Amino acid sequence: MNYSATVKGKSFDFRDLRTLLAKASPRRAADELAGLAAVSEVERAVAQQVLADVPLRQFIEEPLIAPELDEVSRLILDQHDAVAFTPIANLSVGEFRDWLLTEDSDLAAISAGLMPEMAAAVSKIMRNQDLIAVARRYRVVTRFRNTIGLPGRLSTRLQPNHPTDDARGIAASILDGLLYGSGDAVIGINPATDNLDNVYTLLNLLDEIIVKHQIPTQSCVLAHVTTSMELMQRGAPVDLVFQSIAGTEAANRSFGIDLAMLQDAKAMAEALGRGSVGQQLMYFETGQGSALSANAHHGIDAQTCEARAYAVAREFNPLLVNTVVGFIGPEYLYDGKQIIRAGLEDHFCGKLLCVPMGCDICYTNHAEADQNDMDTLLTLLGVAGCNFIMGIPGADDVMLAYQSTSFHDALYLRQVLGLRPAPEFEAWLERMGIFDERNRLADARNAAPLLGNFHGLPKA
Amino acid sequence: MTDPWFTLRQFTQARIAQGRAGCSLPTSALLDFQLAHASARDAVHQVWDIAGFAGGVEQLGLEPMILATPVVSREQYLQRPDLGRRLAQSSRELLATRANQTIDLALIVSNGLSSTAVDEHGLALLHTVVAAYAEHGLRMGPICLVANGRVALADEIGAMLNARLVVIIVGERPGLSAADSLGMYLTYSPKPGNTDAERNCISNIRPPTGLSFKAAAIKLAYLSEQALRCGFSGVALKDDMPERLTEIGDVALQKCKLGSESAL
């Protein structure tokens with residue numbers, strides 16, 4: 001297919017579909033670093049016009065990476081459901097945008113017919129409000145020990161990291177988070193080291209807390225999938241299996257994984273049967289720029305690579321998928337504007353591909369961003385119906401040295417948008433005297449039984 | 001204003017038990033955060049007075065050599081890490097004048113992602129490191145000073161100086177709790193194209209709370225000696241330094257992952 005246009009007497013030629021996608025991408029540092037970005041605003045706008053006229057079918061006929069070279073590409077083609085694709089099969093990218101924005105279009109019906117590149121393509125010609133409006137209409141609900149993603153609900157990952165994995169320090173942050181109503185998506189620790197004994201100790205700590213206080217939530221230590229597999233064999237209490245994933249086989253290889261390994265890990269964890277209301281137990285993290293940083297992007301722009309990672313995610317029916325949007329640094333997403341845009345794109349594409357999207361709304365100190373930008377993205381994602389966000393004491397992760405969202409931030413979002421925790425967790429919070437029946441912190445929570453008998457800590 | 005479980009702060013630097021004003025942070029906690037972030041931001045964006053630093057190097061009795069990368073601004077430095085990994089042409093020509101000698105060790109200092117760290121600790125660390133190397137009798141080249149450098153810049157400089165080992169002292173990405181942390185990266189047989197797996201890292205050098213200059217210098221000299229003896233550096237080089245020599249080395253090694261992520 002020919003991708004070209006003449007605008008005001010000037011002609012623009014785009015070599016192939018992936019070049020066109022990259023040139024049509026809203027501006028971001030990663031694509032500029034990779035040398036893929038439009039060289040002018042006009043080139044970008046023209047690329048978007050050309051992209052809008054591309055038939056969706058073209059993405060089936062012109063794979064961005066040859067399937068024989070890349071197992072993610074093979075997976076995407078295998079996943080594609082021609083029947084589900086039928087209602088949109090004759091649309092162009094631009095017509096697909098119009099279709100999505102129509103109030104009565106049935107997103108759930110076409111999701112299995114969507115390839116990630118189609119979702120990425122249409123996102124590139126959508127404004128922020130379009131990304132929000134479409135994502136808001138669609139919920140992806142998942143279950144393990146509670147129900148995440150229901151309408152009117154917002155969950156949080158309680159992230160109690162500590163620079164040396166000190167058990168008391170981690171327990172202190174967990175207690176703080178629970179007393180602020182955080183932790184229904186997962187209580188998830190990024191370990192300081194992937195050392196087996198260390199991770200085993202942390203898994204036991206989390207399991208004891210959850211069992212002792214009968215908290216309807218799940219735990220995770222975000223170690224490499226091979227570490228989790230080894231520990232499951234040793235009998236460790238693994239609720240969720242974590243792994244960072246990306247949108248190309250080569251990038252996944254740089255993470256030390258492939259699809260078969262993820263399948264093995266999932267089967268192993270399912271055999272443990274630790275869920276109560278469901279058995280969705282994979283927890284994936286992603287982020288624009290990961291394929292580029294692994295030098296494994298195949299000339300594909302960062303956002304399209306990211307959408308392809310969701311095709312990997314959906315293959316494993318995950319409980320949680322988290323785009324860690326600003327962690328990677330300013331050479332990928334330079335400022336608050338780029339981080340906000342990327343967060344909305346990721347959430348939108350994930351939803352379209354039927355992935356339970358959450359977002360680590362975050363930035364590093366060398367990015368041109370601050371907590372006000374996080375407030376903006378937090379509010380927008382709340383409106384867009386994001387499944388979960390992070391809860392970190394004071395938004396300051398003292399292990400990973402970056403800033404995200406705090407327990408307080410989640411309370412803010414609950415208050416301004418009327419969003420409640422997962423129903424099972426909400427009932428627990430009320431039972432424990434932490435929340436009142438109006439979705440607010442209870443006045444009596446300082447007398448909460450949790451505080452009096454929290455395992456391993458001296459009484460306050 | 002804080003919560004009754006504030007005493008648990010003894011177990012973690014995390015911002016727990018901050019209390020609340022409605023759903024938000026109390027004013028003092030909010031402003032504490034803003035100040036910490038401001039310190040980190042200033043550390044990233046502050047201009048490094050490299051001439052002043054060179055004067056300090058001379059006062060230590062060492063020879064400074066000021067080099068440059070093609071980076072033209074701090075903004076560009078942050079967006080183009082590839083430019084921070086190579087030398088400007090003028091600097092290549094300057095180094096070429098030194099190409100006829102062979103040295104054991106090339107030492108480089110760059111502000112990296114924290115000018116504050118280099119300003120506050122750079123000279124003292126350099127002094128301690130040079131003293132530790134002197135005990136081992138290693139031949140050193142000039143002290144190369146480069147603004148806006150990344151870790152891999154050391155490969156090109158080390159290669160041009162015919163150094164067997166190269167060490168770069170670099171300002172680490174500031175966190176909220178520490179904006180003044182230095183890291184040191186050691187590479188054996190430096191040449192453009194070295195991978196990160198071929199480097200050893202000593203991170204979180206930031207007395208009095210982080211690693212002390214002395215502990216860092218002892219560790220570096222030990223790793224250097226091992227690298228020269230084994231003929232390689234990086235993940236393959238086991239850090240089996242006797243315990244009595246370490247101070248809080250474990251903490252430093254643990255944080256390497258983060259340090260490398262931010263400065264590379």
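**Entry 1: the interface**

I began with the area buried between chain A and chain B, which is about 3900 Å² in this predicted model; carbon and sulfur atoms give 59% of that area. Buried area here is the accessible area (1.4 Å probe) that two parts lose on being put together, summed over both. The contact takes 51 residues from chain A and 40 residues from chain B, contact meaning heavy atoms within 4.5 Å. N365(A), H366(A) and H408(A) supply 17% of what chain A buries against chain B, more than any other three residues.

A note on conventions before I go on. Residues are numbered from 1 along each chain as its sequence is written, while chains are lettered from A and ligands numbered from 1 in the order in which they are written. Because the model is predicted, local features need pLDDT of at least 70, side-chain atom pairs count only at pLDDT 80 or more, and totals for chains, interfaces and linings use all residues; side-chain values use heavy atoms, with hydrogens and water left out.

**Entry 2**

I counted two salt bridges between chain A and chain B, each a side-chain nitrogen of Lys or Arg within 4 Å of a carboxyl oxygen of Asp or Glu. D396(A) forms a salt bridge with R15(B), and their closest N and O atoms are 2.7 Å apart.

Which element gives the largest share of the side of chain A that touches chain B? I find helix 11 of chain A, with seven residues. Helices (H or I, at least four residues) and strands (E, at least two) are DSSP runs, numbered from the N terminus.

**Entry 2: the sheet of chain B**

Next I traced an open sheet of six strands in chain B, order 1-3-2-4-5-6, with mixed pairing; two strands pair if DSSP finds at least two bridges between them. Strand 1 (64–67) and strand 6 (199–205) of chain B each have a single partner strand, so one side of each is left without a neighbour in the sheet. Neighbouring strands are turned by 20° against each other on average, direction ignored. Axes are lines fitted to C-alpha atoms, for helices over the stretch in contact, and angles run from 0 to 180 degrees between N-to-C directions.

Strand 5 (residues 182–188) and strand 6 of chain B pair in the antiparallel sense over five bridges, and Y185(B) has C201(B) of strand 6 as its bridge partner. Helix 6 (residues 153–160) of chain B packs on this sheet, and its direction makes about 145° with that of strand 4 (163–171) of chain B.

**Entry 3: the sheet of chain A**

In chain A I followed an open sheet of eight strands, order 7-6-5-12-11-10-9-8, with parallel pairing. Strand 7 (219–221) and strand 8 (241–244) of chain A are its edge strands. The twist averages 25° from one strand to the next. Three bridges join strand 6 (residues 186–189) of chain A to strand 7 of chain A, and I189(A) has V221(A) as its bridge partner there.

Most residues other than glycine have a negative phi, and most peptide bonds are trans. I noted a cis peptide bond between P207(B) and P208(B), with omega about 5°. H298(A) has a positive phi, near 55°, and lies in the loop between helix 16 (290–293) and helix 17 (302–314) of chain A.
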